Amino acid sequence: MDLTTAQAWLKRFFALIEEHKAYLSELDNPIGDGDHGHNMARGAKAAEEALQAQTPTSLEGLFKSVGMSLLSKVGGASGPLYGSVFLAFANEVKGQEVIENPQQLFAAGLDAIVRRGKASVGEKTMVDVWSPFVEKLAEGVSLEDVEAMVLATKPLKATKGRAAYVGARSIGHIDPGSYSSGLFFKAYLKELA
Amino acid sequence: MKKILNAPQDVVEEMMQGMAEAHKDIVHRVGSTRVLARNYEGAGKVGLISGGGSGHEPTHAGFVGQGMLSAAVFGDVFTSPTPDQVYEAVKAADKGAGVFMVIKNYTGDVLNFEMAKDMAEAEGIDVDFCITKDDIAVEDSLYSDGQRGVAGTIFVHKILGYHAEKGASLKELKALSEKLLPEIKTIGLALAPAIVPEQGKPGFELADDEIEFGIGIHGEPGYQRVKLQPSQAMAKEIYDKLSKALQLQAGDDVVVLVNGMGGTPLMEQYVFVNDVLELLKKDNVSAAKTMVGDYMTSIEMAGLSLTLMKLKDKAWLDALNAPVDTIAW
Ligand SMILES: Nc1ncnc2c1ncn2[C@@H]1O[C@H](COP(=O)(O)OP(=O)(O)OP(=O)(O)O)[C@@H](O)[C@H]1O
Ligand SMILES: [Mg+2]
């Protein structure tokens, strides 16, 4: 994946966020504070504007720009988490013209999420989608696989983030951050296809 | 929705401007950032900052001034501030001895403040922090992110602020916070919800004759809904839980804070504190200091919270009683 394709990937992701904005916030209602879609859409818009204002000339520049936009505009828990992902991506692709090792890239993103949020697998956070995605990437992941990973957050009981306040009542709801992460991976897979 | 405002999306901006103008003898706005800092220089002292979502006024900016916070950072209503804005507060507060951050335990706040710490340290500013989690309402909260930072946080602002003013180092403030935090416990209750201006509708629903114990300052769910009951019964329900958590015994000294959530008259707050003080007397626990009023609100939520701080160290009382120059302490 080169700069142009990576840009198309992120553009696709931002469009998916905008499209699913209401649904993402709806998912956040029963187990959080109903703002995840709006938080993410605010960030996506800012990121697009920043990319328009200054066209990046490298993969590193692209990821850095998006990371900074998300950091300063999303807020909430997901802002620093997604922001850290993109800053880790930027670090990973330093000097690269094409993404040489996608698995390493996504692993660096997951690592950033875990370092920041200190969640482990099974706590009903985006880690529950990132972790299996990174694991499966080497052997090949399909859109259906991603769908299944997102749905698998439904029966989990949240012990991290706002959803932890409702404890057992979080069971039976898809985790919104996992859903938006699913959109991120789907955009990636579609761009490669 | 019936509120005194111009446009919902401008509330935080205009409130900040209003505070800065009205209290320009104490605070000023740092450029066009989301930060209010104190006018008092405090050269060479550790800076003390706090902040979080707006809607909890007078927290946090009301506690900025000599002897308390150096600066406060404003998020949108009920939304944590972003790292770049927290970093602005760190820069404004740094007078060469580093900056200590008091963070309330919400994932968003913790993550954004920690990122700001990384940014500041990359620029050579020493930063340390403590995380307040005085709300003991959520069950199993020890094993999750469930313990929220609520009204008891203002004791931390005040006591650390006193020591920062006296010249305590970052390390000393950290050590003090570790002693202090476990001795502060809070539980809230709600009679009616708040409305976030940009959402325009209540965050939760309560029937006319219902109250909810354990509610958070953003309307997070509590642990029990019951029919409206006399103040004495509400006071007992909460006091018993706090007393047990603090392992209060006859002869102990406590500081009492009855905190209005924004929509509860002082008249009712005093009725409630009277019941709390009765319960303390019965247990032979002495109230060394009692505070009543709106300190950490939840917009116009009707309800209140009770905080007890066990005075393990008598010096904490002197730190609380020392005069400060702030808008709201
Ligand atoms: N510790 C964590 N580690 C990883 N992901 C987390 C963590 N905490 C929360 N999340 C993710 O963040 C999502 C919620 O993001 P959202 O944008 O709604 O922020 P928020 O929790 O509402 O923040 P705030 O409390 O400041 O409003 C969750 O669905 C979850 O996937
Ligand atoms: Mg949310």
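Is B:Ser243 buried or exposed? The points below take up this residue, then the two chains and some local details.

1. The model discussed here is predicted. B:Ser243 is buried, since its relative accessible area is 11% and the cut-off for buried is under 20%. This serine sits in helix α6 of chain B, which covers residues 231–246. Apart from neighbours within four places in sequence, B:Ser243 touches B:Leu248 and B:Asp283.

2. Chain B contains eight helices and twelve strands. The C-alpha trace spans about 55 × 50 × 40 Å along the principal axes of the chain.

3. Of the 329 residues in chain B, 59% are buried. Among its contacts between residues at least 6 apart in sequence, 73% link residues at least 24 apart. The accessible surface of chain B is about 13,100 Å², and carbon and sulfur atoms account for 49% of that area. Chain B carries 31 positive and 47 negative charges, whose mean positions lie 4 Å apart.

4. Chain A has nine helices and zero strands. Its radius of gyration is 16 Å, close to the 16 Å that the globule rule gives for 193 residues, so chain A is as compact as a globular protein of that length. A box of roughly 45 × 35 × 30 Å along the principal axes holds the C-alpha atoms of chain A.

5. In chain A, 55% of the 193 residues count as buried. For contacts with a separation of 6 or more, 67% come from residues 24 or more positions apart. Chain A exposes about 8,000 Å², with 52% of this supplied by carbon and sulfur atoms. The mean positions of its 20 positive and 23 negative charges are 7 Å apart.

6. Which residues are the protein donors of the magnesium ion (ligand 2)? They are A:Asp28, A:Asp33 and A:Asp35, each through OD, at 2.1 to 2.2 Å from the ion. Along the chain, the donors of this ion have the spacing D-x4-D-x1-D. A:Asp33 is partly exposed at a relative accessible area of 26%, whereas A:Asp35 is buried at 14%.

7. A:Arg12 belongs to helix α1 of chain A, residues 3–19. With a relative accessibility of 32%, A:Arg12 is partly exposed. Beyond its neighbours within four places in sequence, this arginine is in contact with A:Ala187, A:Lys190 and A:Glu191. A:Arg12 and A:Glu191 are 179 residues apart along the chain, yet their C-alpha atoms are separated by 8.1 Å.

8. B:Asp84 is part of helix α2 of chain B, residues 83–93. Its relative accessibility is 23%, and B:Asp84 therefore counts as partly exposed. Setting aside neighbours within four places in sequence, B:Asp84 contacts A:Leu71 and A:Ser72, as well as B:Met119. A distance of 26 Å separates the C-alpha atoms of B:Asp84 and B:Gln147, which are 63 residues apart along the chain.

9. Where is B:Pro58 found? The residue is in the loop between β3 (47–54) and β4 (71–77) of chain B. A cis peptide bond joins B:Glu57 to B:Pro58, with omega about 10 degrees. B:His60 also lies in the loop between β3 and β4. The bond between B:Thr59 and B:His60 is a cis peptide bond, with omega about 5 degrees.

10. A:Lys124 has phi near 65 degrees, and its place is the loop between α6 (102–117) and α7 (127–137) of chain A. This lysine is buried, at a relative accessible area of 1%. B:Asn284 has phi near 60 degrees and lies in the loop between α7 (266–282) and β11 (286–293) of chain B. B:Asn284 is exposed, with a relative accessible area of 56%.

Methods. Residues are numbered from 1 along each chain as its sequence is written. Chains are lettered from A and ligands numbered from 1 in the order in which they are written. This is a predicted model: local features need pLDDT of at least 70, side-chain atom pairs count only at pLDDT 80 or more; totals for chains, interfaces and linings use all residues. Side-chain values use heavy atoms; hydrogens and water are left out. Helices (H or I, at least four residues) and strands (E, at least two) are DSSP runs, numbered from the N terminus. Buried means under 20% relative accessible area, exposed over 50%, partly exposed in between (1.4 Å probe, protein chains only). Contact means heavy atoms within 4.5 Å. Accessible areas come from the Shrake-Rupley method with a 1.4 Å probe; for residues, only the protein chains shown count as cover. Lys and Arg count as positive and Asp and Glu as negative; His and the chain ends are not counted. The place of a charge is taken as NZ of Lys, CZ of Arg, CG of Asp or CD of Glu. Donors are N, O and S atoms within 2.8 Å of the metal (3.2 Å for Na, K and Ca); water is not among the atoms, so sites may look incomplete. The radius of gyration is taken over C-alpha atoms; the globule rule is 2.2 Å times the number of residues to the power 0.38.
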